[in-house]
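These are my notebook entries on a single structure. I set down what I looked up, entry by entry.

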Amino acid sequence: MGPIDFGDITDLKIRLRVLAEEADRRLVTVFGSGISSEVLPSVPQLTDIFREHVPKAGLARFDATVADAADPGLKYQSAAAVLTKQAGEPTVMRAIRKAVLQACPDVREKDVAEVARDEERCREYARTGNWLIPRGYRRFAQFFASLSGRARGPIITTNFDPLIEIALGQVGIQAVPIPIPTDTAPAMGQLNEAIAHPVLHIHGYWTGQASSNVPTRITSARPGLDDLLRRLLTNSVVLVVGYSGWLDSFMRSLRSQVLDNKADLLEAEVLWAAYETDAVAVTSGAFGDFVGAPGFTLYLGVDGHELFTDEPERDEAEAEETSFHYGYSQVPRTLVNSTSYQPGAFAEGSQPMWADAAPGCWPVLSSTASLEQKVVECLRVGGGGGAVAIGPLGEGKSLALRQVAHAVASSRPEWNVLWREPGAPRLTKDWLNDVRAAGKALICVDEADLITEDMASTKDVWASEGSGIAFLLASQDRLWWQGAGSTLRPWIEDVLFHGITNDDARNIALTWEGLGLLPNGSQEIATVAEHLAASAGAMAAESNTLFGAVLDVRYGAGLGVRVEDLVRKLHEIKLTDSVDLGDIFGGICVMQHALDKDGNRGKGASRSVIAAMAGLDPVFADGKILQTLGREAAVTFAGNRVYCRHPSIAATVVDYLHRDGTAPKVYELVGQAGGERLVKQASTLEGYRDAYLLSRFLSAPESVWAAKGAVQGTGRKILESRVSLLRALRLEGQQRASAYARKLAPDLTDYDDYHRAVRAFLVEFSISLRDEAETETSAGLAALALDDQVGFTLDTDRAGYALVSLARSAAALNAQTRDAATKDAPTLCSILLERVRGEKTAAKYLGHYCPPTHHELRQLPTVKLCGQLATMFNKAATQALQATKVDVETRGVLSFDTLRRLADGPRWSAGR
């Protein structure tokens, strides 16, 4: 390889400047010992400190072992290994603390050994002491603080010292050390919930109980770290500085990601800054295989102390945000004009950016003015409350939030205006107190339902006049009131965003004219404004949105052509070998169109489902996929759900998917994503079940496509997904259902959820056979679904389904055979259904078989009704087992004792 294959420090500085300007991926920084060694003992010196702690009886063995090691690194590891075996882990940690204290001038040399014995004193010095900070860390901290909030990712280090955390603290970034000396790596959720910026010490921390020093521990496999690194790599730029690249556990983890070509798949990029200038020497080491791998770039001759000397020059208005607290950015007091700003993007439905909020760019709507007035009233009394913009999706709340936030930032310098970034930690009392310590703060949160519970639990910190904390929020109205919105109403005033005034419409039209964005070019302002106001008024009356009115005015009947062009464009953006961005957008539209047209039921595609559709970890959902769709495809967010800004877009996309032949793939993709999240035991809060059960809300053939996807996603483990497919095939009406059920029947007990899903399988199988006139077998399977020994204990829902199926199958059987022995079965089932689920349910599903009030069968006790029903169908159940080879556990004789108890339980009211 020649010099062109590697970069140098100038190339790397330019790359970091581009990263800061684009701010589309987070920076994960990895520091080795090369930076800390400017103020801390070198590796040979640390080896000598280990020797000072070796028991006298072990010195000879220590010296002999260290002497046999070939290089300083191995000598250090051998020294740590001998010290651990002879004096124990606590002594090793004490030696490490002694070494770290060399960088704290507050600790006199004669007191170092004593202080090193006291972990709590060491922690106190880390919090309050004066420290020698390497130039590289000081400059990195300044660079890091200059990045926008969304670009700042976790920091990883192999060092034990607190110098990175202290350097960050000196520039206003609170940081917290997270020791990972063994394979007990934190979950991504823990990192996301951290109230300070996480610094991961993967070889241990100086005040901890253990470290990774000995060779076996340093080089051992760490699957937990592998998994964490995979998640951190997702949609990230990984910068490695001051790290020699020896084959420790971190290198093993990195190799497993990059060399398996996962880095390219995850859209990850690894920037390795090597101090050495000799390419041959560098690439002959442990990471020689990295060179040329997708996503890996090697930079030679990089001095970590000089790398961050040039502060990035950012000209994007959005990048002018200043980091303030972890997960939050400080709203710019002045918005810089950017030559790359395109106002048409917001008019087309893109998520607003700070440039859109610049004064005079887009008009301040009447609702926005009311929102600002409410907030200003709160600020005048020193905080203690705030305001929330609520309304349907697509009513301009997000732009209003940015406009008001900037207006406050520019006019009230005594207030720090903080903007919540995706993935920010929870609000806690400690976090709010830390924020308040830096000055009065207005906390701005779009998707405010994400923090309402935290706001309610911290009221005693902020909810009093003069507290120094105020809130500016926006939320979809349903999510706000379903959450803690009602609880917060005494302090947070709600401002409704739904519809516009005539003045608003005229101002929008004037702005379109000024920007050259008037629809159809030459229309008169008054005409456009009148059309917009009329459309918005009609939309509001129909519970629709302002954005719907904008679409109507700007495109009208031409919307379909524009949307089709968009989908074709998105299909060109490949995410994997088989999935493109058009498929993901299609999945979002499919879920919205089927489950939540207006985006007010909380059943749209969740972020984790979208990530699973792309075959990636859920953390990816806040990366390029959603950023690109927000910019190009007018998607918007309500909590963790993603929607088109208008239902007409979703409907148009779904129609187009059917016409271009990709609909089966997209429906399967949604079901598969839900199934995969299920088997990975995702939390139901992720919203995967709406995707997993999508088939139940569709008609054929879409229901079959979605159900097939769910089966693929759950693999060989889950019966429930197969029951959904069985149901979809049955409703399809092509008599494929019973054949599918017969293939499943012999292996039912192999599924993890057999006990939970088997009754539903029996009912669906029963209905399928009844549709094919196999009435006796159908009745037998329905009776088995009520048996005490089958699956989990019978509940009212499962009992209801089975009774309805048994009644209808028994009626069909009686029509075929005219067997007097079973003629009363439908009536018995209707009476039992009434006692189990109530009169209303019985009348709805089995009204044809309900007997008069004084019918003799109604006078029988439940035990006799259940006994008669069991006797009628014992033979049919036995024959059904033989005919279908259904693998269920029974006693050979039907037992309906649980059904009896349910029927004799508390009676359902007629209206229940």
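This is a predicted model: local features need pLDDT of at least 70, side-chain atom pairs count only at pLDDT 80 or more; totals for chains, interfaces and linings use all residues.

Entry 1: I then examined cysteine 104, which is in no disulfide. The nearest cysteine sulfur belongs to cysteine 122 and is 9.1 Å away.

Cysteine 104 has a relative accessible area of 1% and is buried. Cysteine 361 is buried as well, at 12%; the cut-off for this label is under 20%.

**Entry 2: salt bridges.** I next turned to charged side chains and found that the structure holds 38 salt bridges.

I asked where the two partners lie in the chain. Glutamate 38 is in the loop between helix H2 and helix H3, whereas arginine 135 belongs to helix H9. The pair is 97 residues apart and links distant parts of the chain. I recorded glutamate 38 as partly exposed, at 35% relative accessible area, and arginine 135 as partly exposed, at 29%.

A further salt bridge is formed by the side chains of glutamate 732 and arginine 736, at 2.8 Å from N to O.

I then looked up aspartate 797, which forms a salt bridge with arginine 837; their closest N and O atoms are 3.4 Å apart. Aspartate 797 lies in helix H40 and arginine 837 in helix H41, so this pair ties together parts that are 40 residues apart in sequence. Aspartate 797 is partly exposed, at 38%, but arginine 837 is buried, at 16%.

Finally for this entry, I noted a network: Glu119, Glu120, Arg123, Glu124 and Arg127 are joined by salt bridges that share partners.

**Entry 3: valine 282.** Valine 282 is buried, because its relative accessible area is 7%. I compared its position with that of leucine 300: valine 282 and leucine 300 are 18 residues apart in sequence, and their C-alpha atoms are 8.6 Å apart in space.

Notes:
Residues are numbered from 1 along each chain as its sequence is written. Side-chain values use heavy atoms; hydrogens and water are left out. Buried means under 20% relative accessible area, exposed over 50%, partly exposed in between (1.4 Å probe, protein chains only). A disulfide is a pair of cysteine sulfur atoms within 2.5 Å. A salt bridge is a side-chain nitrogen of Lys or Arg within 4 Å of a carboxyl oxygen of Asp or Glu. Helices (H or I, at least four residues) and strands (E, at least two) are DSSP runs, numbered from the N terminus.
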